[in-house]
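Please keep the sequence and the structure in view while reading.

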There are 2 protein chains.
Amino acid sequence: MSAVLPSAVVSLINELRKLPGVGEKTATRYVLNLMLRGPEGVEALSEALASVSAQVTPCRECGFLADGELCVLCLDELRDPSVICVIEGIADLVSFEKIGEFRGRYHILGGAISALRGIGPDKLRIAELVNRVKAGGIKEVIVATSADAEGETTALYIRKTLEPYGVRVTRPATGIPMGSSIEFLDAVTLMRALKGRKEL
Amino acid sequence: MSAVLPSAVVSLINELRKLPGVGEKTATRYVLNLMLRGPEGVEALSEALASVSAQVTPCRECGFLADGELCVLCLDELRDPSVICVIEGIADLVSFEKIGEFRGRYHILGGAISALRGIGPDKLRIAELVNRVKAGGIKEVIVATSADAEGETTALYIRKTLEPYGVRVTRPATGIPMGSSIEFLDAVTLMRALKGRKEL
């Protein structure tokens, strides 16, 4: 198909294919839809991207998306600065903010420790976390990395690294997710849920 | 959620939401994925869009996407210039080219006649089609507009408009689509399929 399309259109399709869950068919559909709207459609999206690229930088403190030096969350005086929730990526912050329950600050690692993918602690924002704890005023660090091997390794590493500073390091509970039946649950989750059982 | 995101990011999410089948959740996922790749990810897509906007224009002859005055298909000497396939939009051309059966030229109308949406024949590229026929050398015009009320109206209008020029005007067969069972077929399709029956 791409043989009949102008090369600039093919390049755009290839760029869009890098998005999660977007294949050639969806990317082509997006491009044709953009073209249908005339030059304005393409330009509006191009300009929106350019604005993001020019204006948005990682927050110096937590690593989230920011307009300036600090993000909205780190600037928010109403949020508790003594509790830091450590997460792997931006998307995790979005999930936490959706529930609206957590009112502390965040710290984005930018991934998890992975021997397989060659990601050591030095490639993550762990030194920055230690600096925040060192600076004082932090009572608790909630390590909300994923509940998989890499996330667990990262959590243990952070607990060990923060040990000298006398700060409380916690981890969200693991257990049976709401709406799931025992029958189809994996053994590790079931074992952890059983170990962590509470009075009814 | 959008309250914590920088305004440029929110604008980008809103632009992406205009794409077909993309809601707030998918758009947010796309943007976070772009941001993960660092500034390069956003810039690469922005530049790809800018290139399309700067380089791609409708083909003067058929209305398809072109790098210059004429598109690849209109420049292709191997394609039969005496047969024109009239279609509603760019996506229809993509579908036809996928089967690779048609080796003539195309003519994109830019829609179909619709009283409901206020689209008259003057808003479509019908005058351009007449000019192509007038210029001579055309033996057949295949009107491959959609098989719905608007597409049928458009096809009949084109047949009538081209009558004075003595050109053959045809329409693709309507009938039972492959893989469908008679049981669930609508009455109009079944009736047309019956009328158009052939010797086995």
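The points below are grouped by topic.

This is a predicted model, in which local features need pLDDT of at least 70, side-chain atom pairs count only at pLDDT 80 or more, and totals for chains, interfaces and linings use all residues. Residues are numbered from 1 along each chain as its sequence is written, chains are lettered from A and ligands numbered from 1 in the order in which they are written, and side-chain values use heavy atoms, with hydrogens and water left out.

**Symmetry and interface**
- Chain A is superposed on chain B by a rotation of 180 degrees with 0.0 Å of shift along its axis, at an RMSD of 0.1 Å (least squares on the C-alpha atoms of residues with pLDDT of at least 70 in both).
- The two copies are therefore related as by a two-fold rotation axis.
- Ser46(A) has the C-alpha nearest the axis in chain A, 2.3 Å from it.
- Of the interface residues of chain A, 98% are also interface residues in chain B, so the copies meet through the same surface (contact means heavy atoms within 4.5 Å).

**Domains of chain A**
- The domain assignment gives domain 1 (7-55) and domain 2 (65-199), with bounds from an automatic or database domain assignment.
- The centres of these domains of chain A, taken over C-alpha atoms, are separated by 34 Å.

**Helix 5 of chain A**
- In helix 5 (residues 90-99), Ile90(A), Leu93(A), Val94(A) and Glu97(A) are buried (under 20% relative accessible area, with exposed over 50% and partly exposed in between; 1.4 Å probe, protein chains only).
- These residues cover an arc of only 100 degrees around the axis, which puts them on the same side of helix 5 of chain A (the arc is that of the directions from the helix axis to the C-beta atoms).
- Exposed Lys98(A) and Ile99(A) sit on the face turned away from the buried side of helix 5 of chain A.
- The cover over the buried residues of helix 5 of chain A includes strand 3 (80-87) of chain A and helix 2 (24-36) of chain B (DSSP runs numbered from the N terminus: helices H or I, at least four residues; strands E, at least two).
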